[in-house]
Amino acid sequence: KMTQQMRDLQLAQARKPPGPSSPNAAKRLYRNLSGKFRVNYTSFDEGSLAGRGEKEKLRKSYLFQSNAALFEAVELQDLDRVQELLKQYSPEELDLNTPNSEGLLPLDIAIMTNNAPIARALLQAGAKESPHFVSLESRSLHLSTLVREAEQRVNELTAQVVNEAPNADCSEKEKQLKAWEWRYRLYKRMKAGFEHARVPDAPTNVHLSVASSSSVQVTFWEPLSVNSAVVTKYKVEWSCSPTFSPPLGEAVIDKLKNLHFTIRGLVSGTAYYVQVSAYNMKGWGPPQASVPAFAIPSNWREYDGRAPRRRGQAEALDHLLGQVKTVHQHCVCHEPCKNQPQSRKHSVSKSLKHLFHPGSKFLKTLKRGLYLTAIFYKDDNILVTHEDQIPVVEIDDTYSCLLMQDFLWFTKVSCMWDEILWLRQCVTVSQSSCSCILQTRFKMLLAISQMQGLLGIQDLGQVFFEPVKDKQGNILIVTLKEVKTNQTFESVRWVPICKLQTSRKSVSSPEEPTALDMLLISVQDKLAYHQRSSHALSPGLYLGYLKLCSAVDQIRVLVPEQLPNILCHVKIRSNPNISREEWEWLQKMASVEEPVPAEPEAETTQNHLFQELQVAIKELMTLVNIPLQEAKDFRLYSQEVLDFGGQVSFLLLLPPSDDVCTAPGQNNPYTPCSGFLMLPLQIFELGEEG
């Protein structure tokens, strides 16, 4: 008998004298024995090893108890306790897939008692079925053996309790009898659950889509009826024939958190048929063919052989920057950089002069001018100077040039924080020029270097999309950076934001606050903007809404406040790829003069995209607060699919050509009122690249 043999094996192991279970244990045993013949002295190493051994024993004992607790919770059908244990321990710590003395796993008990919620929780944690059940006959025989042995044990204990006089041993046997009676009922319920179960129905909503030029993706849902047995795995099969003869391949999915599978390594332009079947303890159910019945791996670029727009751009820019550096390497402006101080005394005296120079410290108050401030934050804390001020340095106290041009130039410089010294040296050549713009930009580079030197860090973070201005003529350019590690800074310390806001004494009136007061009041909004602008979209195909607004010195783009680095959008589907057939249909739809083209044939990828677009357009119009009837003249941008890293792609929805970009003073009928920002286009482009 299988279970009796397992029990005998456990008893034999229990009777074995304890011996060294590892080389370390043997080493400790030798030391303990030899120590009896030496002076009574224990080294630090021996003590620590003994301590570690005791801790390891306690840990193993604790984990063994947690494994037993999991079995007990599954047997008692206590879902809350099962979820608590799965959350508290890893599958390895719980020995989730190690059979107990009866040859059962927690998942076996859950599925044979038809406890679907517990079975799903175990499956999502990585639980498996017992490897002993290689066939229906072996499972049936095993369950019959468990029932028979439990019944025999109940009969034996019942006879002993009836025939013996009441005493302590009898009371103990009565407890054993109750436990075995409960286990007998459990095994009978498991056996009945197995006998009444049938194979599962076919999976539902089996959808096939083109994932790339060499892959297709199939998604599916659980069967409508599992026939009294939980589904524990699925099988995906594919072939070039609708009869699946011959089959090309198959894959078994036993991780059921996400019911989808991508078939890779396929031939572009070839039709592939896919079907999916479900499995429970009674075996495989019937397969369900996908909708559409087949898919042809392809990509929209194959329609006209177009190469990716950004292919090689980053490398080309790096190469161009390298060429520029090479040209300037022997420039006059770099001579001071080559002639390093020859004596330590000169270097020290220079650094001392730098410390006492009035322009080398953070500012406490602002005069009329242009300033740079760097906000570093971690959780709810912010970096401040020893005077409890946000770090501020002066750029120009006589600033009178056009701000927007200089500000946008500064945002581009923020992509090269590590190259500031080199940029300064290059700009120095033309500093004698009378150009106000060039003078201001050189001062910006000086201020950046000063801020980097005072803080002891190169990367000052992301530039906030607009400067802070007050009525006194002060302008603050703000950079933001989240600190996620224990990074050290110079001349500053961490304080809670709320404490800084409440303790700062304002030197301005509420009617006309200074730029520093305005910054402090709005600092949490700026931090929220910075965090939201670094969020990434989940993989998928999106429908974006492009709306621009022009001014004298800039163009602004409409973005959502919650995700300011992305256009207003809704998700069309999780698959980011547009197939060649889908793109061809979109091209035909764009060329039709009728506002609503004929619907494509049923059960095709084109028809599915058509339905997805209808839903997405309605959702997007609701989001941006535009009545659907007013959107009848909107159009899809049909020149290309915007691709972001291969995992996210966009189709663009455009207003009528005259309304895409609203001119100053022009009525703007297609701009929502709240929950959105009009972001400078250059700022948006920098955020998008990030």
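**Close-up views of a predicted model**

**View 1. Strand S16 and its two partner strands.** S16 and strand S22 (residues 648–654) pair in the parallel sense over six bridges; two strands pair if DSSP finds at least two bridges between them. Helices (H or I, at least four residues) and strands (E, at least two) are DSSP runs, numbered from the N terminus. The model is predicted, so local features need pLDDT of at least 70 and side-chain atom pairs count only at pLDDT 80 or more, while totals for chains, interfaces and linings use all residues. Residues are numbered from 1 along each chain as its sequence is written, and side-chain values use heavy atoms, with hydrogens and water left out.

**View 2. Burial of strand S16.** Six of the six residues of S16 (residues 540–545) are buried, so the strand is largely enclosed by the rest of the structure. Buried means under 20% relative accessible area, exposed over 50%, and partly exposed in between (1.4 Å probe, protein chains only). Gly540, Tyr542 and Gly544 point one way from the strand, whereas Leu541, Leu543 and Tyr545 point the other way.

**View 3. Salt bridge between glutamate 129 and arginine 139.** The closest N and O atoms of this pair are 3.0 Å apart. The pair links distant parts of the chain, ten residues apart: glutamate 129 lies in the loop between helix H7 (116–124) and helix H8 (136–163), and arginine 139 in helix H8. A salt bridge is a side-chain nitrogen of Lys or Arg within 4 Å of a carboxyl oxygen of Asp or Glu. Glutamate 129 is buried at 19% relative accessible area, and arginine 139 is buried at 3%. The whole structure holds 13 salt bridges.

**View 4. Salt bridge between aspartate 459 and lysine 481.** Here the closest N and O atoms are 3.2 Å apart. Aspartate 459 sits in the loop between helix H15 (436–455) and strand S12 (462–463), and lysine 481 in strand S14 (residues 474–482), 22 residues apart. Aspartate 459 is partly exposed at 31% relative accessibility, whereas lysine 481 is buried at 19%.

**View 5. Salt-bridge network at arginine 573.** Arginine 573 forms a salt bridge with glutamate 582, with 3.0 Å between the closest N and O atoms. Salt bridges that share partners join Arg573, Glu582 and Glu612 into one network. Both arginine 573 and glutamate 582 are buried.

**View 6. Packing of helices H4 and H7.** The axes of helix H4 (residues 79–88) and H7 come within 10 Å and cross at roughly 5°. That makes H4 roughly parallel to H7; angles under 35 degrees count as roughly parallel, over 145 as roughly antiparallel, 65 to 115 as roughly perpendicular and the rest as oblique. Axes are lines fitted to C-alpha atoms, for helices over the stretch in contact, and angles run from 0 to 180 degrees between N-to-C directions. Leu79, Val82 and Leu86 of H4 and Pro117, Ile118, Ala121 and Leu122 of H7 make the contact, which means heavy atoms within 4.5 Å. These residues divide into seven nonpolar, no polar and no charged. Ala, Val, Leu, Ile, Met, Phe, Trp, Tyr, Cys and Pro count as nonpolar, Asp, Glu, Lys and Arg as charged, and the others, Gly among them, as polar.
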